[in-house]
Structure formats: structure tokens, C-alpha cells
Amino acid sequence: MKTVKILIAEDNDLNRLNLSELLSDTTGYDVTAVRDGKEAMEIFPLDKYDIVITDLKMPHIDGLQLLAFIKEINQDAVVIIMTGYATVSSAVEAMKLGAFDYITKPLKDDIVLLTVSRALSFVRLKEENIALKDRLKEKYDFGKMIGYSESMKKVFETIKKVASTDSTVIIYGESGTGKELVAKAIHFNSDRKSKPLVTVNCGAIPEELLESELFGHEKGAFTGAIRSRIGRFELAQEGSIFLDEIGDMSPSLQVKLLRVIQERQFERIGGMRTIDADVRIIAATHRDLEEAVKGGNFREDLFYRINVIPIHIPPLRERRTDIPILMGHFLRTFNNLKKKRVNGLTPEAMNYMNEYAWPGNVRELQNTMEMLIVMKEEGSIDVDDLPERIYRNAGGTHVIKSGLEIPEEGLNLNEAVTLFEKNILLKALEKSGGVKNKAAQLLKLNRTTYVEKLKRYNIT
Ligand SMILES: Nc1ncnc2c1ncn2[C@@H]1O[C@H](COP(=O)(O)OP(=O)(O)OP(=O)(O)O)[C@@H](O)[C@H]1O
Ligand SMILES: [Mg+2]
């Protein structure tokens, strides 16, 4: 079992000494003790501490500030607060802020040991829980990823095949197609699943900060580096790193990334020590990297190192069979989430949704379904509920919605007529409660003609 690492922050010398002796002598824990909150802040990001024990009242940076800092870096960190009787109310405040427990001074050995061992079982339980959940999952669980189209089946197949390898994967796809979801599916179906999956959005972090984000820095490495900091590569040790929007990385960083990939080693900025990177790389981009290479915006050598296993997620408009399935999925999800009982969509509304271009892909569909379900009290979502953009360019469907109007950009008459006919056929069917005889009568058609037309439009 790995040694337990404890960080103590306490300004009172005697207390600090007693406490670290107690914990290292009786339990064999690996204890680091510092004099105040400021030192603790410098040291905490450098290592993985299981438990932090901090005094509440310290000069410069007190226990509450330290707690906030730690929780910001690691939400799961277990922090125990030490406090005099007079300040129990602040200790309670600390619990609200996410402290695990508090112990009152003067410290009693048995209480300290008990609290620490409780904290430790909590840490262990958490770790076991994660491992257990993983085991309970089906062998290949793609979480909430839905898709029945041939192209998505291919994507799932590739994920299955590559997840357990350590190969570098690059995921290509327009915004909102599910690149991040694929990255997660790969990591959580790999042997690295109990270790971290660390995400870096290469496009969102300013260039001058990205290097330090990736590799970390030592104190004093540059102006403003007031304390050392570990980077994402180090955080991802034994796990995976997800380099999102890798196509947006600056040329100078591309060189540095190339080196990590080739040599599996790096240094913190301003650091002397070379660190081995046991990290699986998963990258993603909405750009065409081959084009970027041709245009001189992406290094060719890096491209070949990254493009080992490419996964292409097609835009939603090129796999329309997934649209109704995703709609059903989001309907259930948001009905549950928002405690609603929306039935679904009318066939007409479905039509518009199926034919819309979805430039924002699955994310746009998801957001649209959320909006529709939030706005609807009950019953089915109808055309009138749909946002304008969804029927705006839908040729003739426009006519049914707002009379005989021609949109600004004009419309294709044949398409418009066809869509108009299809929608009238559907509307009649709906109005007659699905009785075809009645629907035919409504449209002054005989039943045979009506049924033939339904067939022609694939309406069942
Ligand atoms: N196949 C799918 N099944 C269910 N939900 C999906 C699917 N694909 C995408 N989503 C959902 O759509 C949203 C967008 O997905 P994701 O963030 O993975 O896309 P992305 O390609 O990374 O987008 P961007 O390029 O904008 O970062 C997420 O909320 C995700 O859960
Ligand atoms: Mg993304």
C-alpha cells in the first residue's frame, strides 16, 4: 500500500513538532510540516497529499484561505482544521466550505489519531468507490453516447479497439459533435481509468500561459511565478491527457509538445529535473490538420506523431438517423431533470427537427430539446413551439407556418410544394386521430390516393 502523505500547517512551533512526531512515529505516515498558510500554498501543489491538517489562525494566510486555495486545486482534498475553543464557530464555517472535520486545541493524541484515521478511511473509500463503479460498468460502456448510424457504429468500434492500447488518438469533428465524449469513452475504457483524465483546452488558454499549464514551473521561473506549480502533464501521470483544440496551439509550443511525445520526458519551466511522462495522449480538433500542415500552421512532424489513430465524427446532418434517437434520449433526460412530463414531438415538429441542418450538431440539438422541454408545460411539442431558425429555411414548410410568404432569401418552389404536401398529409392524419378514411375526407381525396401519397412520403 502506498504511504500516506500528510501536510501540516501550524504556526505554533511546539504544536507543529508534537503533531508531526505523533503522526509519523505512531503511524509511519509521511508528514510534511510548514509554519504558515503561505508555505502550505507553495508546497501543496507540488505533491499529492492525502490529508491536510491546518491551524485556523495563522499570520498572513489563515486556515480558511488555505482551505479555499486547496479546494480550488483539488476539490476532493481532505482538510482537517485545528482550532481553539473560542473559534469553534469559524471551524463550523470551515466545514461548510468543505473541510472534512475539525479538532479543538489543546490537541489530544487519541482524538487526533482517530480523526486522521477516519479521514483516511474516507479517502480510501472514495478510491475504492471509483474502482468499484468502474468494475460494475459493462466492459465497454460509452456512457451517455448515443448513436445508431453506421458512421457512429464505426466510431464505437474504433473506441473499443484502441481504448486499451496506449496509442495516441486524435478526434476530428465539428463543434458539438461529441469529441470530448469520445475522449472520455477512450480514457474510461482503458486500463488508466482509475487515474486522472486531465483536459487542456489549447485554444482557450493564452499562449504565454499554456506552456506553464502543460509543464508546470518552478518558483521564480518568470516574473509572477511566486510559487512552483505542477503542470497538467504531471497531474495526468499514469492517466490520460486530453489536448482539446490542438490545432490552435502556437508553433513554439508545438515544438515542446513534439519533444514530450517523442521522448516521453519534460521539465517544468525553470526546472532542472527531467520528469518522465507516463501519459496517454488524446487530442481533438475541429480543424483539418492536414490542411493546416499544408498552410504552414501546423508542424508536419507533430502531425504524424499525433495522427496515429484518427477518429472522425461526422456532423449530425450527415447521420440523420441519429437525430430521432438523440431526441428521444434528450427528451427522457430533460423530463427527468426538469420534472416535466412532455410527451414528445408531433410528427410535423419531428419533421422540421429531422430536416434542419444542425450547424451546432449534437450540442445544438441538446440545447434545443432542453429549451423546448423547459418551455412546455405538458402534451407534445408542436411546430409553434419550435425556434424560428428550425423552420426558417425548410422550404415549403415555411408556408404552412406563416401563410403564403416567401422568405427574404427566396425558396425552391418544387421543394416547397413537396414539403407543403407532406405536411398537409400529416396534419390531416393528426387531426383525424390517425384514421385514414377521415384524413382523406378532410383533404377531399379518396382513401386510395391518400394512402398512396402517404407511402410516397414514407409516412407510416
Ligand atoms: N452521441 C452523443 N450522444 C449523446 N450526447 C452527445 C453525443 N454527442 C455529443 N453529445 C452531447 O453534446 C454536447 C457536446 O459534446 P462535446 O462537448 O463532446 O462536443 P465537442 O465536439 O467536444 O464540441 P466542441 O468542439 O464545441 O468542444 C455534450 O453535452 C455531449 O454530452
Ligand atoms: Mg470539446
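What percentage of the 460 residues in the protein chain do buried residues make up? The share is 32%, where a residue is called buried if 20 or more other C-beta atoms, placed from the backbone, lie within 10 Å of its own, exposed if 12 or fewer do, and partly exposed in between. This is a predicted model, in which local features need pLDDT of at least 70 and side-chain atom pairs count only at pLDDT 80 or more, whereas totals for chains, interfaces and linings use all residues. Residues are numbered from 1 along each chain as its sequence is written, while chains are lettered from A and ligands numbered from 1 in the order in which they are written.

**Overall form**

The protein chain holds 20 helices and 16 strands, these being DSSP runs (H or I, at least four residues, for helices; E, at least two, for strands) numbered from the N terminus. Its radius of gyration is 30 Å, whereas a compact globule of 460 residues would have one near 23 Å; the radius is taken over C-alpha atoms, and the globule rule is 2.2 Å times the number of residues to the power 0.38. Along the principal axes, the C-alpha atoms fill a box of roughly 100 × 55 × 40 Å.

**The five-stranded sheet**

Five strands form an open sheet in the order S7-S10-S13-S6-S14, with parallel pairing; two strands pair if DSSP finds at least two bridges between them. Strand S7 (197–201) and strand S14 (309–312) lie at the edges with a single partner strand each, so one side of each has no neighbour in the sheet. From one strand to the next the twist averages 20°, with axes fitted as lines to C-alpha atoms and angles running from 0 to 180 degrees between N-to-C directions.

| Strand pair | Bridges | A bridge partner pair |
|---|---|---|
| S7 and S10 | five bridges | Thr199 and Phe242 |
| S10 and S13 | four bridges | Ser240 and Arg280 |

In a regular strand the side chains alternate between the two faces of the sheet. In S7, Val198 and Val200 make up a covered face, while Leu197, Thr199 and Asn201 belong to an uncovered one.

**Around ligand 1**

Ligand 1 is surrounded by 16 residues, of which Ser175, Gly178, Lys179, Glu180 and Val362 are the closest; a residue counts as near if its C-beta atom, placed from the backbone, lies within 6 Å. Helix H7 (179–188) and helix H15 (361–375) each contribute at least two residues to this shell.
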